[in-house]
Each structure stands twice: as C-alpha cells, then as structure tokens.
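Hi,

Here is the model I promised to pass on. Have a look at it first, and my notes follow below.

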Amino acid sequence: MVSTAPPQVAPRTAARRVKLLKTEVSRGTAWVLRAASILVPLVAWWALSASGVVADTFLPSPPDVWAAGLAMIESGDLPGDLLASLGRIGAGFGLAVLISVPLGFAMGTLGWAQPLLEPVIGILRYLPASAFIPLLIIWLGIGETSKIALLVLGVVFFNTLMTADVVRQVPARLLEVSAILGAGRARVASRVVFPYALPGILDAMRVNAAAAWNFVVVAELIAATSGLGYRITRAQRFLQTDRIFAILIVIGLIGLTIDITLRLVRGRVGRWSQ
Amino acid sequence: MTLRLTGVSREYVPGVPVLSGIDLAIEPGEFVTVVGASGSGKSTLLCLIAGLARPTTGQVLLDGQEVLGPGPDRGMAFQTASLYPWRSVARNVAFGLESMRMPRAERDERVRWLLEEVGLTAFAGSLPGRLSGGQQQRVSIARALACQPRVLLLDEPFGALDVQTKEDMQLFIRQVWQDVGTTVVMVTHDVEEAVFLGQRVLVLSSDPGRISQDIPVDLPEPRTLEVRRGPAFLALRARVEDLVRAEHRAHQAAQARKGHAGSA
C-alpha cells in the first residue's frame, strides 16, 4: 500500500508558518505600515491640492495649512483656544469620571444598585448628548457650566455601565478567598475588587475620553468665545479653510496624546494582567 | 477542641439535599481526606466548614462555637490557586495578616517564614503570573496558613497539576502539616492521593451525599514514596476504590432512572 501512495511533495512547506485567522507581522513591517498609515493620506492630500483639480479655498495645500497654524500660534489664538478646550475637558471629563466610577462600582458590587440604576441609565445613554444642548443653554446659560454639563452628560452614562461591567467580572472565587482570609466588605472592595478592576476601568476611560474630546468641540461650535471649536466657526465665517485644517490637525494630535497617555498609564497599572 | 458537624444537611434546591445527615468529629491535628463520586457533595462539605454556605439543617461547630460565616480561623485553598494577580508572592501571603492588622515587622517575619516553609523565598517579589501551577498552589497554601488557622481546608488542590508536580505537592503538604500541626481536611477525587495523605479517609455516597465509610489509614509514618508501593497501601487503596466505584455506579443508575422518569 505504501508503495502506491503518490510521491510526496518536497518538504518545502516545513519552513512556512501556519496561517491562522489572526496573523502577525514582524516589528519592522509594523513600523513601515504605521508610517504609511499617516504618510499615504498626507501625500494623497498634497497631490490632490497641487493638481489644481480642487480650488485652494476648498482644499488648502499642506504648506498653507502649516503657515496658517504657525500664524495662529504666533498670534496667541491657538494656544489660548487649546488651553480653553483642555480646561473644559479636564473639568467635564474629570467630573464625569468622579461620578461614574463610584456609581459603576456600586452597580457592579451592590445587589440593589444594579436593578435600581441599570434601567434609567440604559435609557439615558441612548439620548444623544448633543440633543441636550438647547436645553442646557436654557437651563444653564451659554457660559462654561452648560459646556461642562454637556461633557458630563456625554460621558457619564457610558462610563458608568462600562465600569459596572468590569467590576462584575471579578471572579467569585477571589471574593470567597478574601472573605476566608478575614477581609470585611470594605477591605474586599478597596483591596480586591478595585485593583482587579482598575485596568478595565482605565480602558473604559480611554474609550470615553475620545467621546469627551468630541463633545467639547461640539459644545464650542454652538456658543463659545474661546476654544478650538469656536476658532473653527470663526474661520468658517471668513472662509479660512487653511485655518480649519490646522485646527483639525491639532484636535487629532491632542486626541492621540490623550490616548497614548492613558495607554501608558494602563500599561503600568495593568502590568499583571498582560 | 474539635471540628464537629451534627445532623448537617444542605439543599440548594428545596427538597433535593446535596448533603444529608452528616455527623462528623475531627480532632485537632488530624489529616482527614474525603473522597466520593461526583455529585456526592464533597466540595459542599468544605464550603459548609469554611462558612461560605450555611447548612440547611444541623450545625458546624469549631471548638464548640457555631460557624456562621467565613473567617481566618479556617484557611482554604482551591483547585485554582486564585491568587491576587497584581500582588507579589509575599504580598499574597500577607493578605490575611493585613486584614488582622498585624504589626508590620511581625507580618514580614511571618511571611518570610512561610515562604521558606513552602520553598518560594526566591520568588517573594515575583507576580503570581510568573509562577508554575505547582508554585502558585504553594503560595495559595502559604496564604491560607498565614493566619494560623485551626483547620486547613483543601478542595482538590492538586487536581489540575501534572503527575510529577502532584507527587511533589503531596509530599510537600504532608511536610507542611507536620511542621505546622494544623488540622487538615482535604477533598480529592484521587483515591490514591486520599489514602496516601490521610490518617482517615471519609468515603461519601451520592444522592444525597452521606458519609458511607470512615476508614482509618494504618500506614507507617512518615509517608514516603516507598509506603506507596507496599502491600498494605495497595490493599487499602483497592478497598477504597471499590467503595467509590460502587457509589459511582449507584449514582449513575439513579441518574438514569431520573432521566427515564423525566422523559416518561
């Protein structure tokens, strides 16, 4: 029987890697791809604006945008607006975290908090925060309070539910072990549940920080006298698309910085979970 | 000065006892192993002693005091080590001592002693994720022993380990028991392990779980690997195996009857 088997293909296949659905690339390739991810759209933009197909007023060239950005930095507008937006994010997102993390923690641990809070938060989170802007202006005026309130509304419900989910994932066995070792409820909450859930809580914050960054710009588009969103509406009035582009890039870079910072913090805090 | 269970039963579903009519007395310093077919309520028995569950009827008494909840006078280790993954090995062992608010110097000293006892001094600063399964289980046992419990409860602690590691761990737990002198109640599905380690083997029956046999193990001390090859050990192991097998068959027959009754 063996002799009748078809001749075997040379064992060239031995060196090949097994192809799984989730494939990996080498580190070098990954960096090349990362660079391409930024450079390809940039070059495409440059080529499109240089070709003259689209008028400069609609699609300014990268050098024009660079110049507009520098001009705004020199005049002091951009740094001022940036600080204003970051201040609002700090206050709004910070407040949302201060409310949502304890609330989510309670929902994940206390038996009565879950059925009490889940239905109402489940409804509230589907109401788009932007739809509250008119109401917030009527209630709180066009000052800082209404903008911070919008940020809080946009973040607090999602972050509460996500925190609750993370907290619920603490293994029951770990809670049993802790009780056997003499830890009371408060100790279990602070020394077991919280550290176990912390990396997941930071993950939730990272996702919702992006949402907060969106809402701050939205809030400033409507009614503001400072901030990056306000600067965009002003530039629109004078058809300064180069300025709009420069601000959009700044918004993107700040978002990236926030994301990387939270990722680093998460990596440090959650070293054990990797 | 004993661990005593009187008329203990436990139902999770009303009318369906998992354990029933358990009367048991364990003397201080005894090493008792518990074997039984699946569904005999072995783990439930430990949970009742630990105070993680309350008996439906009857009482669990430790030194005459009724057990009403979990506490550091009863240490417990499970099949999964269930360590705190963000705490170093030393800080895992220290957890119970921190809860007791033991002074720092005393605590450090005790942790140092325990790590030496379980042979993990070199890993004091490591995170549990770095350790092998057997090492993790040693940490879990050291952590359970830290508060100097009167009873150490072990729920199939070596069930997930490979054969070699398991053998090491069996010698290890025997040594620790001799050094520490605490009472040990260990549940296992491995009859060989039960006979090798225990001074007494309890065989549980199923449907509901009852103590069907309470067998003294009259084997030479210390229990070395040679003891395990001797005729006395092999004979006793065979006897306990037959008992467990009979219970297992009876349990399966009962399940089959229930199945037929359900489908009829």
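Predicted model: local features only at pLDDT ≥ 70, side-chain atom pairs only at ≥ 80, totals over all residues.

A definition to start with: two strands pair if DSSP finds at least two bridges between them. Helices (H or I, at least four residues) and strands (E, at least two) are DSSP runs, numbered from the N terminus.

Residues are numbered from 1 along each chain as its sequence is written, and chains are lettered from A and ligands numbered from 1 in the order in which they are written.

Chain B and its sheet

Chain B has an open sheet of 6 strands in the order β6-β7-β8-β3-β9-β10, with mixed pairing. β6 (74–77) and β10 (210–216) of chain B are at the edges with a single partner strand each, so each has one side without a neighbour in the sheet. On average, neighbouring strands are turned by 20 degrees against each other, direction ignored (axes are lines fitted to C-alpha atoms, for helices over the stretch in contact, and angles run from 0 to 180 degrees between N-to-C directions).

Strand β3(B), residues 31–36, pairs in parallel with β8(B), residues 183–187, over 4 bridges. Take Val34(B): Val187(B) is its bridge partner in β8(B), and Leu202(B) stands opposite in β9(B). Further along, Gly36(B) has Leu204(B) as its bridge partner in β9(B).

How well covered is β3(B)? 6 of its 6 residues are buried (20 or more other C-beta atoms within 10 Å of the residue's own; exposed means 12 or fewer, partly exposed in between, with C-beta atoms placed from the backbone). In a regular strand the side chains alternate between the two faces of the sheet. Here Phe31(B), Thr33(B) and Val35(B) are buried on one side, and Val32(B), Val34(B) and Gly36(B) on the other.

Helix α1(B), residues 42–50, has 8 of its 9 residues buried, so the rest of the structure largely encloses it. Among the buried ones are Lys42(B), Thr44(B) and Cys47(B). α1(B) packs on the sheet, touching β3, β6, β7 (151–155), β8 and β9 of chain B, and its direction makes about 150 degrees with that of β7(B). Contact here means C-beta atoms, placed from the backbone, within 7 Å. Just after α1(B), Gly51(B) has a positive phi of about 90 degrees.

Chain A and the interface

14 residues of chain A are in contact with 21 residues of chain B. On the chain A side, α7 (172–180) and α8 (185–222) each supply at least two residues, and α7(A) gives the most, with 6 residues. That side divides into 9 nonpolar, 2 polar and 3 charged residues (Ala, Val, Leu, Ile, Met, Phe, Trp, Tyr, Cys and Pro count as nonpolar, Asp, Glu, Lys and Arg as charged, and the others, Gly among them, as polar).

The axes of α7(A) and α8(A) come within 11 Å and cross at roughly 155 degrees, which makes the pair roughly antiparallel (over 145 degrees; under 35 is roughly parallel, 65 to 115 roughly perpendicular and the rest oblique). Leu174(A), Leu175(A), Ser178(A) and Ala179(A) in α7(A) meet Val188(A), Val192(A) and Tyr196(A) in α8(A). By class, this contact has 6 nonpolar, 1 polar and no charged residues.

Cheers

Notes:
Contact = placed C-beta atoms within 7 Å.
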